[in-house]
Amino acid sequence: MYFLTDEERKQLLKNYLPRSRQSEIADELRGWNWNQPPLEPVYDLKLALYEIANAYCPTNRDLFLRRVDGIKSQSNAAMLRGKILHQALVDILVKAKKLIYMHGVTNYQKVLQELSRPTKINLVQYRGQLAEEDLANLVGEAEMLTSFEASRIISRIQEILIKQPYIAEDSLAALVIPIVVEQKLDGSFLGLSQNLSADAFTFSEPMIIDLKFGEPQKFHRLTTTGYALVMEAIYEFPVNLGCLVYASIKNGRLSVKKDIHIIDDELRQWFIEERDEKMRMIYEEIDPGIANNCYGTCPNYHSCHG
Ligand code: SF4
């Protein structure tokens, strides 16, 4: 899912990378300048990154209800689905890394055998939160996702072993899965939570990857932008690229589309404006009002509409 196809890799190497290296990002918009305007947070608040980046509620009243009125809403079915499928992907990637370290290069056949075995997904802890039929469907989707990713990993292992006859397990693990999943980050320099978690980060060329299971939205790029700013604030190296991975499953078939993008001045500015505007709403307790075009599955629907 996170691995690029040959075409995407070509696009990355011949298009996005050269363009991102040439693009002049204003220094004041680099995360390492978190201690001066415009990046320096104006309000003494800490927000989760999704609270800044998400715009599913047209007026941001979901944030007002949570932060000012202290109303905790239950996740809707789409949110739970995203969480479960994300976890399935993390589990198979971590499992593959563990298997490589456990069996080493000499016993790589065992790694392949264990990855080839179908994974049984158990979602019993979600009983009561989702209808039984939805749960059964989700088990099928999570297993399909896991087996798809496992087969990609298997072919990557084989490909690398053919090219690198003297490779050891640490290098093999890094080349087969060149990403850190659920990268934990402290965003407090920028007025964000201390416990942020980026879906994935690739070190070969610093790129933030975020996986989505819903319809593409323009504001999704704010998530990659926010994590890029935080990485720059912590590690003081430029992070110029983001990649949104859109996965969908229809009629038993998985489809994956990627939106690779340069984290340019415009996106950085947009992220900072969203942060400042949302912080002001919370700090000054300004109720933004109920939207005219609420979506039916909004978890706060009853709080707003009674
Ligand atoms: S019901 Fe409407 S206004 Fe209220 S949080 Fe949901 S989308 Fe926003």
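I began with the second largest pocket and found that helix H6 (132-163) supplies the largest share of its lining, six residues; helices and strands here are DSSP runs numbered from the N terminus (H or I of at least four residues for helices, E of at least two for strands). I noted that this is a predicted model, in which local features need pLDDT of at least 70 and side-chain atom pairs count only at pLDDT 80 or more, while totals for chains, interfaces and linings use all residues. I also noted that residues are numbered from 1 along each chain as its sequence is written, and that side-chain values use heavy atoms, with hydrogens and water left out.

I kept the terms beside me: on a 1 Å grid over the protein atoms alone, a pocket is an open set of points with protein on both sides within 12 Å along at least five of seven lines, a cavity is a set where a 1.4 Å probe fits but cannot get out, and lining residues have an atom within 4 Å of a point.

I looked up the lining of the second largest pocket and found 24 residues, with Leu4, Arg9, Arg156, Leu175 and Pro178 nearest its centre. Domain 1 (7-72 + 179-285) and domain 2 (74-178) each give at least three residues to this lining, the bounds coming from an automatic or database domain assignment.

Of its 47 lining residues, Tyr50, Asn54, Tyr56, Met79 and Lys212 are the closest to the centre. Helix H4 gives the largest share of this lining, nine residues. Both domain 1 and domain 2 contribute to the lining, so the largest pocket lies between them.

Where does the ligand sit? I found the ligand in the largest cavity, the test being that more than half of its atoms lie within 2 Å of the grid points. Around the ligand I listed Cys57, Pro58, Arg61, Asp62, Ile290, Ala291, Cys294, Cys298, Asn300, Tyr301, Cys304 and His305, a residue counting as near if one of its heavy atoms lies within 4 Å.

Helix H10 gives the most to the shell, three residues.
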